[in-house]
Every structure is written in C-alpha cells, then in structure tokens.
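Work through these exercises with the model open beside you. Each task is followed by a solution in steps.

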Amino acid sequence: MCSKANSEMSSSECESSCKVSDPQHSQKLLRVLRTFWLEQSFHDALLVVGAEELPVQKNILAAASPYIRTKLNYNPPKQDGSAYRIELQGVSMTIMKQILEYIFSGDITLNEETIQDMVQASDLLLMTDLKALCCQFLESCITAENCIGIRLFSLRYCLYHVHYVATEFLQTHFGDVARSEEFRELPPTQLCELLSMEKLNIGKEEHVLEAVVRWFAHDPEDRRAHMKEVTSAVWMDGLDLSYLREQALGEPLMREVIRDHCQPVLERGQLHGEALLATFKPRGYSECIVIVGGEDRQSRTATALMRCLCPLYDTNRRTWIQLQPMSIARSGHGAVAAEGFLFVMGGSDENKTVLDSGEKYDPDSNTWTPIPPMLQTRQNFGVVELDGLIYVLGGENEAMELTTVEVFDPHFNTWKPQTSMTMVRSVGCYASMNKKIYAISGGSYGKLFDSVECFDPKTQQWTGLCPLKERRFGSVACGIGQELYVFGGVRSQETQNPEHRQMMTCKSEFYHEEMRRWMVLDDQNLCIQTSSSFIYGALPIRGDIYVVGDLDTGTHFDYIREFRRSTGRWHRTMPMLASDLSKPACAALRFANCRLFHLQLRQGTFRLRV
C-alpha cells in the first residue's frame, strides 16, 4: 500500500516538475568572485607585469582571455609547489587592473589618455568583447583634430570599422582636418595618400593647394625635398589661373610652390574642351539612391540591372545613371551598403531558383565581385547593416518560412549564425537603430502582425517592444538618430461583408526611443490609401528619408518621395517612368563625384555647354 502510494506520489511529482532559473545568478557569482579578488582569497597564481606581481585566480583569467588560456595549457604548474606565474609583456599593471575590474563587473572606464593602451591590451589578450567596446569609444571620439591619428591607429590593430568611420569623417570635414596639428605633422607618404582621395569634400582645388602650403610651412627646410611628390597629388588643372597669378605675388612660401611646381599650368594656360574633359576630376562625393535587380516591368522576369540617382540636392540636374549590372538576375533579394560597398545576396533567379549566393559592388571601380554564399538559401528577407556587419533575417526558401538570422563580416568574408527571431514574419520589415536591430510587422498563415521585436547583438537576445498602431505586411522601415520609421504596407479593410474585403495602404508611423511608443505621422501624403501602391525601400540620407516604390498620390505615380524630418512633410523627388524597375532592392551609396561625372559623360547624360 505504501509502495503504491509512493509510486503515485513520485509519478505526480515528475509530471509537475519544471525547470526554474535565477536571472541574477551570474551577477551574484561574479560579485562574490570579485570580493575574493579584492580580498586576495583563494588565489592560485601570480600575474607578473614588469616588476609588479598581482595575486589572481587562473580559471577566471583563462575564462576571460583565450591568450592566457593558451599560456596555461602549454605551461603546466611546477611540481615543486612554487606559485604559478603568468608573465605578460606589453601591458601596464594599471591597465591590467582595469581589465580585471571589467572581467568581474562588465564595466570599464575609458578615456582618450588610456584608450590606445587598452586597445593594445585587449588585442594581446584576445578579448574581443572588450576590443569592441574600445571601438565604440574611439568612434565617439573622432574629431577634426584626431581623426588622422585614429585612422592610422585603427588600421594597425585591425579595427576596420573604426578606420572606415574615421576615413568618412576625414573626407567630409577635410577643410577642418587640414588645419589640425596632426595634418601638419604628417610624413610625406601619408600626406600624398590623403591628398589622393577623390572624395575629399572641398569646394575648390585651391583649398588643397593651401593645405599643402600650410604643411610645407611647418618645416620648410626638411620638406622642400618632398614638395614635388606632394604637389603631384594636387589636381593642377583644377586651379584657377587668376588665383595662381594673384597668389604668386603674395606670401613667400606660396610664391615658391607656385614658381617651382605650378609653372607648367601657368605657361600652358586654361584647358578647354576635350583636353579639359580628359583631365577633369572634381573632388567630393554624392550620396546616391541605388536600385538593383527586381523585375522588368514588361516581361515580369528577374533582372540584373543597376542604376543610381544623383544629385539628390539639385532637382534640375537629377538623373538616373546606368551602373554595371550584377553577374546574375535577382528578384526578392536583399541589398545593403556597408563599409563603402554595396552587398547583394539571395533572392531568386530567372528560373525561380532560390539563391544563397551574393556579390559585392565597388563604386570606385564600377565592378562586382562574388562573396561567400549564405548559410541558407532565402528570398524576401530582411537585411540591415550595423557597425560594419551585415545581418540577414527571416525570409523563405522553397520548403518553408524562416526565422533564422545570420551575419556577414565584410572584412573577414565569413557568415555566422545568430539567435533566431521568435516568430515567422513573412513580408515583414527590418531596420537598425542605436546599435540594435528591429523586426516589425509581417504575417504568417493568414494572420497580420502589429508586433515589434528588438535584437541586441551584444546579448544575442530578442525582446518585445510596443506594437504598431496598425497591423500590416509589405511595409518598409529605417532608423535614423533616435527614431524608427515604418512606411506603407497593406492590410484588409474591415467591411460588413467579409467576402468583399479590400486591401488598403496603412498609415506611416514612427517610434522615438525616449517616448517608447509609436505615433502616426502628421503628413500622410506618401500615397493614397489604396492597394495600388507598393513600397520597395526607405533610405536615410543627410538627415532626411527617401522612399522608393510605386507610389500612387491620387493625381500621379511617383517613384521616389522625400520625407523631410525638419518639417515633417513629403516632397516629390522622381516621377515613375515606364522604364523604372519593378520590385528592386534599394540602398544609399556614396560615390566619388569624378566617377559619376565620367559615367554620365560616357552615357551622354551630362549636360555639357561648350
């Protein structure tokens, strides 16, 4: 009887058992371990840095640093009972104590005085998470006074995204950078590399010559021998002759530079016609809207075509430029700009075969090169860029709808899996904002969602957010500053007769991180609320947002409309033409002005007045 009762009780206990967890467990454990370290309890090794020694626990250091773990594996403890010694070179004890504090707490105080030492130490110890925190700090510190130094330092320690951000800053703010102490102290070879950049944001080539003279004036005796090499990086034919003649009568060093290195231009005179076009290379860059792939409007078959729209700031000169097509036709693919290149992946080809392949476009050479295939074939998925990495989310293949996520590192050419989304989001939209990725709306099995979830790459976790005001699918999203925008999408309009439901375009909404709620835009003139509009992408450029699609405004169809955040109003940018691509992927990409000029010249779209 007792045996039977015990058996029943045991069975009942097994059926009601469940796994429980303490979310504070790891933090509590680390706090206790930190106490042991501060009290110098339970230590089993000495960390030797220079002439100083610090008692530590081997297992804690090995868990935090793969470098120290390797040292421990190849240097077993001695049998004589002496203290185990872990010797480190190239790291100061002050920095090492800060790193130990970070190991136990996850927090570290960074400043401009010690950041280089911290990067060197994290690089030596192979502590990638700490190195990533250093990268974020360096990006936030970039100014005209230090961007040259940060750019060179980041390249030395393979901080590729920091190098890209510093280079973009240098190109954009060259006028201020050229007046900095770092610029004046550059060695000749590095100065030539900098002056050779096509994307330097300057109004006139005269500013480049003046920067060269300021550099020359910093140490005339030593630098005079390098002036021929340095001035060769200046576009001499872009200098105005009246300017040169005027400066030739002015300050002594400028007179010397013009006399010794600009005389051929003065003697030859200003170039005109074909001779000028052959040497024409205007500095600066343009942010362009790029559309790639999709479907031909007539045949409805996948296409490999690619075009860019520029310049966005001048409505009278705005035009489409044909770019090198992709190697294969794609529809339902993804496209995103990262680290100065355009990346395209996935989709389906002309035979409706779902692809895992990808390719990279270089705007400087107008060429495509292949990248490694994704871990899965997929189409109709989301793709976003965050800190130089490319995240691919969801979509579908021939067999199923996907929740999987993978990330591509352009510098190491590798794909890695990430934590999957919590739900299927067929025809959902995705965006990045404030170092996080957002998956928004979509649908599955006939249901539409208003839900939003957020992925933090640091914690590899998805968390829910405040839902949209309207359920929808087929919308597009973009993040800019502290704001997240969702445009378009459709849902069924409720009617008394369910058999006669109509599809209607949803209202545009935005989410502010501080307010943590969604709000409807005041101006809803992106398109009228009919199902005839279809939106392909939303691109943040220079603080405003450009939306690409088949946009029915009620009186005409637009292909691109601009939302100016300063006024909260929509503006017409480009009417839709019969030759426009249908369902393309879109991205914003920076092109050198001289490259765009020569592309337009070859295609006959540049208005030239002789």
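**Exercise 1.** Decide whether Lys-131 is buried or exposed, then find its salt-bridge partner.

*Solution.* Step 1: apply the cut-offs. Buried means under 20% relative accessible area, exposed over 50%, and partly exposed in between (1.4 Å probe, protein chains only). Lys-131 has 16% relative accessibility, so Lys-131 counts as buried.

Step 2: apply the pairing rule. A salt bridge is a side-chain nitrogen of Lys or Arg within 4 Å of a carboxyl oxygen of Asp or Glu. Lys-131 meets Asp-123 at 2.7 Å, N to O.

Step 3: check the partner. Asp-123 has a relative accessible area of 30%, so Asp-123 is partly exposed.

A note on the source: this is a predicted model, where local features need pLDDT of at least 70, side-chain atom pairs count only at pLDDT 80 or more, and totals for chains, interfaces and linings use all residues. Residues are numbered from 1 along each chain as its sequence is written, and side-chain values use heavy atoms, with hydrogens and water left out.

**Exercise 2.** Classify both partners of the salt bridge between Lys-28 and Asp-22.

*Solution.* Step 1: the N to O distance is 3.0 Å. Step 2: Lys-28 is at 42% relative accessibility, so Lys-28 is partly exposed. Step 3: Asp-22 is at 38%, so Asp-22 is partly exposed.

**Exercise 3.** Which residue forms a salt bridge with Arg-491, and which network holds the pair?

*Solution.* Step 1: the partner is Glu-470, with the closest N and O atoms 2.6 Å apart. Step 2: Glu-470 is buried because its relative accessible area is 13%. Arg-491, at 23%, is partly exposed. Step 3: salt bridges link Glu-470, Arg-472, Arg-491 and Glu-509 in a network.
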